[in-house]
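The following paragraphs lead through one structure, from its overall make-up to selected local details. Please keep the sequence and the coordinates at hand while reading.

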Amino acid sequence: MMLFPCLWPRRWLFSQKGHLRPSQEVIREAVSIFTSWTGEEMREGECLYRATPGAAEDLAGLRVINLDSPALNENPFPIEIAFERRRREDCQCGKGAVYAGIHLAALLSKGLSARRVLWGDKPLFITRDYIATFDRDDLRWHLRYGVFSFPVLISLPGIIEAPARPREYYLLRSQGIPDAMMPDSLRDRYLTVNDPRLPRVLAGILLQAFFYYQSGDPFCPDPFCSLYHAHWQEELLRSQRDEPYIVCLRHRQALEKEERWLRG
Amino acid sequence: MGEIFAKVSEKDITRAIVGGFIREFEKFVESDVIIVGGGPAGLMAGRELATKGKRTLIVERNNYLGGGFWIGGFLMNKITVRHPGEEVLKELGIPFEQAREGLFVADGPHACARLIASACDAGVKILNMTVFEDVVLRENNRVGGAVVNWTPVEALPRQITCVDPIALEATMVVDATGHDASVVRKMEERGVLKTKGFGGMWVERSEDLVVEYTGEVHPGLVVCGMATATTFGLPRMGPTFGAMLLSGRRAAEEVLKKL
Ligand SMILES: [Zn+2]
């Protein structure tokens, strides 16, 4: 697989509560877990934003601006385009903007063709931006940890924020309790920034991308399988563990058939 | 035993008030910059501009300045800023403590009082109890000032108070009116500008965007603070005073480029 991590170390203007563990470190650890499972070779490419022609103009237009409307940011202000240009120069994603996932994948696929990446290359774009998709059922945008298309997009903050936290969390939050004051027993039930469980969770999502490219289906209905499509943090943490197994029997056999094996 | 206070008559007091106000007001009928909104972003922008010798007027609709900066989150009188916001606190002489790495906490009243004093010391003039009503537009719809009125006038029924507003001119206008984005909205009403609304989803990390998008949205009009979020439809965020202070500073930099 080809990894395009758009997150070379830049100082954020505002540090995330506490010291930020470099995203690369998390990715590196996740990749090594993932390759130990699959033996899949991982090559690294440089930022796809930079490879994509006209990315700044297009990206500014892909920002989600209204939670309840599928309309995107059709007429970006010059400031917005200038912001995207700055980002492009610095390769500095992760400022907090939310982009339309499917449109973003379509845009970045232009960058892939500019880089002569072919279908067989299985490109994977890991970003510190937020990505969202519009849900036709409830007619709202939802944050996503991943968009499975060409390329596959994975949003690092999306892993922490897209799957919903336990209901108690929102109850306390609505009473004005800040994140830092949440009880520890509750905090164990969802991922936070710098969470030591993050690399293992990301490895499972890389595995979903892998299966997406192998079979077209990244997900598995088994709630203990790493391919489980989690909508809650608790589901995510339950599926992204080595117990009772890394993947279900069916997916284990699928890996073995290709002479890949789970060494985790 | 002598009296403590010097003897002055009622009329002397009235003359001092009226004379002082008029002398100053006359000067600020034409300013370099009018900042609409005296919250943390507006005060910070004003302080920076006045420090650079620019004639700066802040229009505030309440009788008090500082907006939400007095109170902070959960009515606990503590305000928090993330790094590098504490550098501004240090500059303003506001005592703060480190809560954890990258997160700093200060007393709301102390921080707010220092910020206001610092803006006043720098030479900012303030029209409080004054509400922004409209923009002054010049050729090619360039923003060239603000139309204002007394806040109490706005509160009374129209048929009782036909008090016309007055226009103040300025080379640049800054919208620091918070979520309302009153100046930008007025431009929208006039069909000159279109805001994106405030419909973004709640994400943990949107402070940077407020600072990044601070700038001139229309010739003569700079937007800063939470008004930036409304103008650009940025994701929602919690109380974020660091972003307000830094956005105010960025707004001042943008204004200076145009003066
Ligand atoms: Zn499975």
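Two residues are in contact here when heavy atoms of theirs lie within 4.5 Å. The model under discussion is predicted, and every value below is computed from it.

Among the contacts in chain A with a separation of 6 or more, 70% are between residues 24 or more positions apart.

One group of strands in chain A forms an open sheet. This sheet has three strands in the order 3-5-6, and its pairing is mixed. Strand 3 (98-100) and strand 6 (140-144) of chain A are the edge strands, each pairing on one side only. From one strand to the next, the twist averages 45°. Strand 5 (residues 130-135) of chain A runs antiparallel to strand 6 of chain A, and five bridges join the two. Within this pairing, A:Phe134 stands opposite A:Trp141, while A:Asp135 has A:Arg140 as its bridge partner in strand 6 of chain A. Strand 5 and strand 6 of chain A also form a hairpin, with four residues between them. In the turn of that hairpin, A:Leu139 has a positive phi of about 55°. Helix 5 (residues 101-114) of chain A lies across strand 3 and strand 5 of chain A, and runs at about 75° to strand 3 of chain A.

Is A:Leu153 buried or exposed? Its relative accessibility is 0%, and therefore A:Leu153 counts as buried. Apart from neighbours within four places in sequence, A:Leu153 is in contact with A:Gly101, A:Leu104, A:Ala105, A:Leu108, A:Phe125, A:Ile131, A:Tyr145, A:Gly146 and A:Val147. Helix 5 of chain A spans residues 101-114, and the contacts of A:Leu153 include A:Leu104 and A:Leu108. A further spatial relation concerns A:Thr127: this residue is 26 residues from A:Leu153 along the chain, and their C-alpha atoms are separated by 7.4 Å.

A:Pro199 counts as buried because its relative accessibility is 1%. The C-alpha atoms of A:Pro199 and A:Phe34 are 9.6 Å apart in space, although the two residues are 165 residues apart in sequence.

The metal site comes next. Which residues are the protein donors of the zinc ion? They are A:Cys220, A:Cys225 and A:Cys248, each through SG, together with A:His251 through ND1, at 2.1 to 2.4 Å from the ion. The spacing of these donor residues in sequence is C-x4-C-x22-C-x2-H. Why is the arrangement tetrahedral? The four donor atoms subtend angles of 93 to 120° around the zinc ion, and four donors count as tetrahedral if all angles lie between 85 and 135 degrees. As for accessibility, A:Cys220 counts as buried because its value is 5%, and A:Cys225 likewise counts as buried because its value is 0%. A:Cys248 and A:His251 are buried as well. With a disulfide taken as a pair of cysteine sulfur atoms within 2.5 Å, the count over all chains is zero.

The last topic is backbone geometry. Most residues other than glycine have a negative phi, and most peptide bonds are trans. Against this background, the peptide bond from A:Phe150 to A:Pro151 is cis, with omega near 0°. A:Pro151 is placed in the loop between strand 7 (146-147) and strand 8 of chain A. Another cis peptide bond joins A:Glu243 and A:Pro244, with omega of about -10°. The loop that holds A:Pro244 is the one between helix 10 (233-239) and helix 11 (249-257) of chain A.

Chain B supplies residues with positive phi. For B:Met129, phi is near 55°; this residue belongs to the loop between strand 6 (125-127) and strand 7 (130-137) of chain B. With a relative accessible area of 32%, B:Met129 is partly exposed. For B:Asn140, phi is near 60°, and its place is in the loop between strand 7 and strand 8 (143-150) of chain B. B:Asn140 is exposed, because its relative accessible area is 73%.

Methods
Residues are numbered from 1 along each chain as its sequence is written. Chains are lettered from A and ligands numbered from 1 in the order in which they are written. This is a predicted model: local features need pLDDT of at least 70, side-chain atom pairs count only at pLDDT 80 or more; totals for chains, interfaces and linings use all residues. Side-chain values use heavy atoms; hydrogens and water are left out. Buried means under 20% relative accessible area, exposed over 50%, partly exposed in between (1.4 Å probe, protein chains only). Donors are N, O and S atoms within 2.8 Å of the metal (3.2 Å for Na, K and Ca); water is not among the atoms, so sites may look incomplete. Four donors count as tetrahedral if all angles lie between 85 and 135 degrees; four count as square planar and six as octahedral if opposite donors are over 155 degrees apart and all others between 65 and 115; anything else is irregular. Two strands pair if DSSP finds at least two bridges between them. Axes are lines fitted to C-alpha atoms, for helices over the stretch in contact, and angles run from 0 to 180 degrees between N-to-C directions.
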